[in-house]
Amino acid sequence: MLQETAAAAPAAAGGNNAAALQQMGFDHLIQGFDAVGWVVFLTLSIMSVMSWYWIIINFIKNMRMRGRADRVVSTFWETPNAQDAIRFMEEQPKSEPFSKIALDAAQAAAHHQRHDGSRLAESLNRSEFVDRALRQAVTRESLGLEDGLTVLATVGSAAPFVGLLGTVWGIYHALIKIGSSGDASISAVAGPVGEALIMTAIGLFAAIPALLAYNAYVRFNRITNNQFDTFAHDLHDFFATGSRVGEAAGKR
């Protein structure tokens, strides 16, 4: 008799565990959502979609930029005729930043030359006028590199807390149901609490890729901004004095 009872106890425990596992899953979680649960879940879903959109868009943009940057800059300096170099820059895609910086410098130098002897030339010399145009161009292109970074930073920092809110709310309702039913066994607690913890996992799945991508793109933007500054300094020397000066010119 005792042996039969001992054998039945593990079997009952196994059945309770199996029943608990059947009630602990994403499908069961969706079915038990209330208004707050749906708001949290939809918010995390939107955050994840937006972050992956900007991750992919910035990856494509950065790869294209990296593939063209060296060729555009080297071709500009290797072209013996300035007009041919400017024409080459005009042929580049509108999304290519180095060509736009060079074109702004060339347009500023040409504009100042056309108004030589006017009040513009008296108030600003050629060097100052080109320098101002280059500063504006570099600032504009640097801001263009930051597209989507605010979204990635927001998702990376806020998504875990949104998921935690869903978990806390789910556990709260799970405890209410357990208290009203009077069943405080492990099988009764594991399912609802496990479902609530899924919301934290969803928040982490949304936050981790966004955070990693944000750090990677910030580093890439820092390197690209340094390249903008170097190119802009050489362009200033070229359009203000007619030739590149300093170490960059000495290596040629």
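pLDDT is the predictor's confidence in each residue, from 0 to 100. I am working with a predicted model, in which local features need pLDDT of at least 70, side-chain atom pairs count only at pLDDT 80 or more, and totals for chains, interfaces and linings use all residues. My residue numbers run from 1 along each chain as its sequence is written, and side-chain values use heavy atoms, leaving out hydrogens and water.

**Confidence.** I looked up the chain's mean pLDDT, which is 79, with 73% of residues at 70 or more.

**H3 and H4.** Next I checked how H3 (residues 35-78) packs with H4 (residues 82-90): the angle is about 160 degrees and the axes are 8 Å apart. Axes here are lines fitted to C-alpha atoms, for helices over the stretch in contact, and angles run from 0 to 180 degrees between N-to-C directions. H3 and H4 are therefore roughly antiparallel (over 145 degrees). I found Arg 71, Val 72, Thr 75 and Phe 76 of H3 meeting Ala 85, Phe 88 and Met 89 of H4.

**Phe 76 again.** Phe 76 also pairs with Phe 238, edge-to-face, at 6.1 Å centre to centre and 75 degrees between planes (pairing needs ring centres within 6.5 Å, and edge-to-face planes over 60 degrees apart). Phe 238 sits in helix H9 (residues 186-241), 162 residues from Phe 76. I noted Phe 76 as buried (under 20% relative accessible area) at 4%.

Key
Helices (H or I, at least four residues) and strands (E, at least two) are DSSP runs, numbered from the N terminus. Angles under 35 degrees count as roughly parallel, over 145 as roughly antiparallel, 65 to 115 as roughly perpendicular and the rest as oblique. Contact means heavy atoms within 4.5 Å. Rings of Phe, Tyr and Trp (its six-membered ring) pair if their centres lie within 6.5 Å; planes under 30 degrees apart count as stacked, over 60 as edge-to-face and the rest as tilted. Buried means under 20% relative accessible area, exposed over 50%, partly exposed in between (1.4 Å probe, protein chains only).
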